[in-house]
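Try each task yourself before reading its solution.

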Amino acid sequence: MDATVVCIDQTKKSVQVEPRAAWFPRGTRPSVELSGQYDWTCLLGAITKDGARFFSRFEKYVTADHAKHFIFPLCKEFEDDLIIVLDGAPDFRASAVKDLAARDDLAFVTLPAYLPELNPVEECWRQLQAALSNRFFDSLNDLTTAIETAIDQLSVPEVCNYF
């Protein structure tokens, strides 16, 4: 069987909207109210054994419908048989996604629980985290711009080395 293997995973990146540190005069006891809220964005990523990559950003948590609409274009892109490797995230286990397995040209493989290192997309997320680390973002727009720049520079790992 000659099939295209596509590995899919998700991640979430956030920017704290309130100050984390501040300077105050010695001897004063300032009071700063913090809500603890963050602005965040979620990403779905897919890579193939041939090095193709696909990323999609969402401003809300990734849902089963997001995952389903992310997978549909992959089915069109790779018209032959498609094997999609997923982790056990709830949005991938939902019936909206599982029902896609009824297609003749699509099969799902679920990775074992608590073993994210088996998914090659995790290497992309590691590179993304390295590109974003030790940086402060004033807004979600700044974070989004940095994510888009970093994604363009990602080195896609060899998928075949993971299986």
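**Exercise 1.** Find which residues form a negative surface patch.

Step 1: Asp and Glu count as negative, Lys and Arg as positive, while His and the chain ends are not counted. A patch takes residues with over 30% relative accessible area and no salt bridge, and joins like charges within 9 Å. Here a salt bridge is a side-chain nitrogen of Lys or Arg within 4 Å of a carboxyl oxygen of Asp or Glu, and each charge is placed at NZ of Lys, CZ of Arg, CG of Asp or CD of Glu. Areas come from the Shrake-Rupley method with a 1.4 Å probe, and for residues only the protein chains shown count as cover.

Step 2: The members of the negative patch are Asp2, Glu77, Glu79, Asp80, Asp81 and Asp104.

Step 3: Look at Glu77, which lies in helix H1 (residues 64-77). Helices (H or I, at least four residues) and strands (E, at least two) are DSSP runs numbered from the N terminus. Glu77 counts as exposed because its relative accessibility is 51%; buried means under 20%, exposed over 50%, and partly exposed in between (1.4 Å probe, protein chains only).

A note on the source: this is a predicted model, where local features need pLDDT of at least 70 and side-chain atom pairs count only at pLDDT 80 or more, while totals for chains, interfaces and linings use all residues. Residues are numbered from 1 along each chain as its sequence is written, and side-chain values use heavy atoms, leaving out hydrogens and water.

**Exercise 2.** Is Leu86 buried or exposed, and which residues is Leu86 in contact with?

Step 1: Find Leu86 in strand E4 (residues 82-86).

Step 2: Its relative accessibility is 2%, so Leu86 counts as buried.

Step 3: Setting aside neighbours within four places in sequence, Leu86 is in contact (heavy atoms within 4.5 Å) with Ile8, Phe92, Phe108, Val109, Thr110 and Leu111.

**Exercise 3.** Describe the surroundings of Thr11.

Step 1: Thr11 sits in strand E1 (residues 4-16).

Step 2: Thr11 is buried because its relative accessibility is 16%.

Step 3: Not counting residues up to four places away in sequence, Thr11 touches Thr41, Cys42, Leu43 and Trp125.

**Exercise 4.** Examine the phi angles of Tyr114 and Asn134.

Step 1: Tyr114 is not a glycine, yet has a positive phi of about 60°. Asn134, also a residue other than glycine, has a positive phi near 60°.

Step 2: Tyr114 is in the loop between strand E5 (106-110) and helix H4 (121-132), and Asn134 is in the loop between H4 and helix H5 (140-152).

Step 3: Tyr114 is exposed, at 81% relative accessible area, and Asn134 is exposed at 84%.

Conventions
Patches are made of residues with over 30% relative accessible area and no salt bridge: like charges are joined within 9 Å, nonpolar side chains (Val, Leu, Ile, Met, Phe, Trp, Tyr) within 5 Å.
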